[in-house]
Protein chains: 2
Amino acid sequence: MLTAEIIAVGSELLTPDKIDTNSLWLTERLNAVGIDVMLKTVVGDDEARLEEAIRHALKRCEVVVMTGGLGPTEDDITRRVAARALDRELEYRDEIEADLRERFRRWGREMPEINKRQAFIIEGSRVLPNPNGSAVGMLFESNGKTIVILPGPPRELKPMFDDHVFPHLLDRPGAVIARRRIIKVSGMGESAVDAAIADIYRSIEGLETSILFNKSEVEVRLAARAETEQKADAILENAAGKIAAALGPAVFSTQGESLEEVLGKLLRSRSETLSLAESCTGGMVARRITEVPGSSAYFLEGAVTYANEAKMRTLNLSPGTLERHGAVSGEAAEAMARGMRERTASDHAVSITGIAGPGGGSEEKPVGTVWIGYAGERGVRSFKLLLPGDRYLIRWRASSAALDYLRRQLLKA
Amino acid sequence: MLTAEIIAVGSELLTPDKIDTNSLWLTERLNAVGIDVMLKTVVGDDEARLEEAIRHALKRCEVVVMTGGLGPTEDDITRRVAARALDRELEYRDEIEADLRERFRRWGREMPEINKRQAFIIEGSRVLPNPNGSAVGMLFESNGKTIVILPGPPRELKPMFDDHVFPHLLDRPGAVIARRRIIKVSGMGESAVDAAIADIYRSIEGLETSILFNKSEVEVRLAARAETEQKADAILENAAGKIAAALGPAVFSTQGESLEEVLGKLLRSRSETLSLAESCTGGMVARRITEVPGSSAYFLEGAVTYANEAKMRTLNLSPGTLERHGAVSGEAAEAMARGMRERTASDHAVSITGIAGPGGGSEEKPVGTVWIGYAGERGVRSFKLLLPGDRYLIRWRASSAALDYLRRQLLKA
């Protein structure tokens, strides 16, 4: 297996406002030729640290990709520091300077003298032309290691990588095809998922698995490697099938889709419609449902009935229900779902009522108490949750629980 | 000057889909106590590389912050590798296990045995409690170096840093006071803001300014460094006052608040109420309004009237209006706001109707066409926007425009 490290250079990437996003794109491209990214470093315009980073990376992996720091100014240090780390000299290329002068001439400008710096390259490296900017890239092979140096701006870096680096890496001995897939699970914790499927993923050759908890759902991330795409896909198909069977209805997607996308597909395929009545989630469920393009085909209407008066006015809750049981109760949740379904004549209606905090909790009904209601052809039901987290997380988790409850009702019907 | 390095741990951060955003927030907080971030490393669940990264960082700087890899599973390696890099043992803490068991009990679940792993901490370190998750953090002082270990989820990490690490760093010798403030502006572009205030911020000593466009608003980020908090705050106060005066009503906060928080304060201070009628934003405005704790004091009800039938049923739109002008029109927006205000008897009602795409656009009404309506004591009005971006951004920008329109109506009244 080939491994890579990515080094992003530039002090602006060490401020609170700017992040290195090139590495995501580069990772995807490197993965596609079976190269795993093992480490990413972001370093400023700091010669000692950059030289160390390059030297360490070269010891640990076969491919090192550097981005940024190729501009014409004094603080663009990548060229000279990389040369030093590789124990090479910089050499001046007349043809690069001529090209730069021509480029500036076409823009109607005179080339500033400092741009001459960009005509220096590391001796022995292949020059990677940059159609979208003034900094050329470099590709250097030494002792079985590939070192790639690219400018920072994404619109310069991407075509340079695809046109020159990608084909070069594909030709490397050891290049393997890798494919990925994400299985999503709701209603189970990270450790329970791991316990249920560890034997499966450990027994499948060519498969790497990682398990991640993401606010309200568990992601099982699979990666398969093989000599061909077909073989890698077959490994994934086999693994996904076994894992889905082991976890049962807790799995809502074996293709990385969101809960709302899955629901959209289910409702569309059955030509059924949905309405929503939300209290504590304040529109979050409706927002998630309508995030999906084309959701107008099945989503009829949502009511955000925050005040008790709104619950009575729009959902037809009786003052008696609210007085006897309170707005956060199974009775209220069921009445909300029933009222919304009657109001809109939808096939399904889901309701949420709860206490998102930080205020409003009591001993009997602490912050995090949430009731989900459902009304459909086969009747009305509800269930209670006690959700951990702050206001945002309680609302998010309540909205996920409501979507998942609806999904499970649809599967039963 | 004190320097820091940040190490993010987790193989998921080396995939094409996930980026370490914690480091941006951490950088901002470290900068706030005068600590510069010199290098960031992202490393997978890879013991050798992580140990090297920690050892190198400790050689080069005074503060090392690690995030992630504290979960209960086998591939959560931060605890044991950090202990090794610091030449320390792990020690088991009964009270952490007891706390974990109690936490699971409150969620109505039995603690899985593997969670016992989370009761191990590096000997000699201070335990940092985690109110929002099961992984405690650690703070370790050794040879003038501060090592901080925090869990990866932002909602866990941030309060832990602010409650325990930030005060600790402030007490370090060499800490300089830096104070920050964010001024938020809507309805103006980044360059227009810069042109209007560049002379102001350039003339103020001890002030650093950066201007950032954030989806639908411009943030003017001010940082002041001085020997005392009072002096730094005085610099900020002076700068914020001058900038707010130069930009006028486009400034909605000089304290970094969100649009929905500002609206909440305005409505509360006037004891007025709000209702919402949303079409293309699908509940996003209601969700943003109700994100603010205590919003039940002024938010009465929201209607997500996605289907035309819903607009007629709930907002009393006439079939004639919809036929003559279409659902995306000034007439429809005004009728929606009027209908919602009448329905709920709220002081203010805001409506949104538009085409978020990717489908549904036409030559006359392209994707991004959005009408915002308003109804209040002084009448009904509307205005049209043509918003750039994908579905998510159009919806976000439409929701921001609606909130900002309401704010400006409130300021006028």
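Visitor: How many bridges join E6(B) to strand E7 of chain B?

Guide: This is a predicted model: local features need pLDDT of at least 70, side-chain atom pairs count only at pLDDT 80 or more, and totals for chains, interfaces and linings use all residues. Residues are numbered from 1 along each chain as its sequence is written, while chains are lettered from A and ligands numbered from 1 in the order in which they are written. Helices (H or I, at least four residues) and strands (E, at least two) are DSSP runs, numbered from the N terminus; two strands pair if DSSP finds at least two bridges between them. E6(B) and E7(B) (residues 137-142) run antiparallel, and the number of bridges joining them is three.

Visitor: Which strands stand at the edges of the open sheet of 12 strands?

Guide: The order is E6(A)-E7(A)-E8(A)-E3(A)-E1(A)-E2(A)-E2(B)-E1(B)-E3(B)-E8(B)-E7(B)-E6(B), with mixed pairing. Two strands in this sheet have a single partner each, so one side of each is left without a neighbour. They are E6(A) and E6(B).

Visitor: What is the average twist from one strand to the next in that sheet?

Guide: Angles run from 0 to 180 degrees between N-to-C directions, and axes are lines fitted to C-alpha atoms, for helices over the stretch in contact. Here the twist averages 15 degrees.

Visitor: At about what angle to E1(A) does helix H2 of chain A run?

Guide: H2(A) covers residues 47-60. Contact means that the C-beta atoms of two residues, placed from the backbone, lie within 7 Å. H2(A) lies across E1, E2, E3 and E8 of chain A, together with E2 of chain B. Its angle to E1(A) is about 175 degrees.

Visitor: Which helix of chain B lies across E2, E3, E6, E7 and E8 of chain B?

Guide: The helix spans residues 154-170 and runs at about 165 degrees to E8(B). It is H5(B).

Visitor: How many residues of chain A are in contact with chain B?

Guide: On the chain B side, 61 residues take part. These divide into 25 nonpolar (Ala, Val, Leu, Ile, Met, Phe, Trp, Tyr, Cys and Pro), 24 polar (the others, Gly among them) and 12 charged (Asp, Glu, Lys and Arg). Elements giving two or more residues to that side include H1, E2, H2 and E14 of chain B. The chain A count is 60.

Visitor: What is the bridge partner of A:Val304 in E14(B)?

Guide: E14(A) and E14(B) pair in the antiparallel sense over five bridges. In E14(B), the partner of A:Val304 is B:Gly302.

Visitor: What is the order of the open sheet of four strands in chain B?

Guide: The pairing is antiparallel. E10 (207-214) and E12 (251-253) each have a single partner strand, so one side of each is left without a neighbour in the sheet. The twist averages 30 degrees from one strand to the next. The order is E10-E11-E9-E12.

Visitor: Which residue of E12(B) stands opposite B:Val185?

Guide: E9(B) (residues 177-186) and E12(B) pair in the antiparallel sense over two bridges. Opposite B:Val185 stands B:Val251.

Visitor: Is the crossing of H2(B) and H3(B) left-handed or right-handed?

Guide: The two helices pack at about 50 degrees, with axes 9 Å apart. A crossing is left-handed if the near helix is turned anticlockwise from the far one by less than a right angle, and right-handed if clockwise. This one is right-handed.

Visitor: How many charged residues does the contact of H6(A) with H7(A) have?

Guide: The axes come within 10 Å and cross at roughly 145 degrees. Among the contact residues are A:Ile197 of H6(A) and A:Lys242 of H7(A). Nine are nonpolar and none polar. The charged count is one.

Visitor: How many residues lie between E16(B) and E17(B) in their hairpin?

Guide: E16(B) (residues 369-376) and E17(B) (residues 379-386) pair in the antiparallel sense over eight bridges. B:Val370 has B:Leu385 as its bridge partner. The number of residues between the strands is two.
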